[in-house]
Amino acid sequence: VNTAPRNAQRFDLLDGGTVDYFPGFLSKSEADTLWRLCRRLPVPPPSHEDQTTLEPIADGEGVVPWNQDKIIVNDRTVTEPRYTAFLGAKDGLQYTYSKKTMTSSRWPKEMADVLARIERALHDRCQFNVVLMNWYENGRHHVSWHSDSETDLVDNSPIASLSLGATREFQLRHHSDARKGQAQSALRAERNAAAAATGSPVESLPVTPEEQELLNYQVGTDPARNMTLDLKHGDLLVMGGTLQKTWRHRVPQLSATTADAVGPRICCTFRAVAKDIDVV
């Protein structure tokens, strides 16, 4: 079994972050089989505005308990713009993010078999024991900028993300790029307020060389601080090193004109949550 495709790519990012990308880690037939397994649902999904292609079936071994839950973002309670499920090597493992605690159901054998291949491809440098799964029904479903830095995770353990279904854009951004963007917005607001107070055009206000450099900065364009990959059916991406401490990532929401043209996607993110997990 080929667990490390020849076209595997390593990206060494700013401040010690790493990305290992394995395009076509699973063959199409293997990815199709796992896709069909992950689409199985023990109960109908909760009420939501989107139509779903999830397939309700009777309770039984091997089904995935999908839900659409409430989370807290910036002190606001919102409905997650995707479905989630949480499986593990055993029942009862817990993981908390955005003040939402998930408790694992035991994963089916097919998931364990795929995980074993992932761990071999990573030369067994981490043994994962849970998988957080995200179901993006269409281009409106997304996940915003974030880092997976929760205290439940083993410190510096990698996160392996296996993509199934439709191709979606995966973006990474260094923290400094976000901070520059925030500083730029604050400076522009300050200058606009000063212009309004004096009745002068904002362009006529004095500006220091440092301020001008900040105003000219193009957020999201510095290749040393930004990265984008199109993740396809069967692709594997592994985030490692200091990435969760120094970078953020997201799957962006698509525009209203293109969102419905994108089919469903499932992302299986394998993680290590117990302190007794071995990390090399």
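Axes are taken here as lines fitted to C-alpha atoms, for helices over the stretch in contact, and angles run from 0 to 180 degrees between N-to-C directions. Helices (H or I, at least four residues) and strands (E, at least two) are DSSP runs, numbered from the N terminus. The model is a predicted one, in which local features need pLDDT of at least 70 and side-chain atom pairs count only at pLDDT 80 or more, while totals for chains, interfaces and linings use all residues. Residues are numbered from 1 along each chain as its sequence is written, and side-chain values use heavy atoms, with hydrogens and water left out.

Helix α1 (residues 28–38) and α2 pack at an angle of about 140 degrees, their axes lying 11 Å apart. This angle makes α1 oblique to α2, given that angles under 35 degrees count as roughly parallel, over 145 as roughly antiparallel, 65 to 115 as roughly perpendicular and the rest as oblique. The contact (heavy atoms within 4.5 Å) is made by Glu30, Leu34, Leu37 and Cys38 of α1 together with Glu110, Met111, Val114 and Arg117 of α2.

Within α2, Met111, Val114, Leu115, Arg117, Ile118, Glu119 and Ala121 are buried, where buried means under 20% relative accessible area, exposed over 50% and partly exposed in between (1.4 Å probe, protein chains only).

The loop between α2 and β11 (130–136) contains His123, and Asp124 is placed in the loop between α2 and β11 as well. Most residues other than glycine have a negative phi. His123, however, which is not a glycine, has a positive phi of about 55 degrees, and Asp124, likewise not a glycine, has a positive phi of about 55 degrees. His123 is exposed, with a relative accessible area of 68%, whereas Asp124, at 41% relative accessibility, counts as partly exposed.

A further helix pair is formed by α3 (residues 175–198) and α4 (residues 209–216), which pack at an angle of about 115 degrees with their axes 9 Å apart. That angle makes α3 roughly perpendicular to α4. Lys180, Ala183, Gln184, Leu187, Arg188 and Arg191 of α3 make the contact with Glu211, Leu214, Leu215 and Asn216 of α4.
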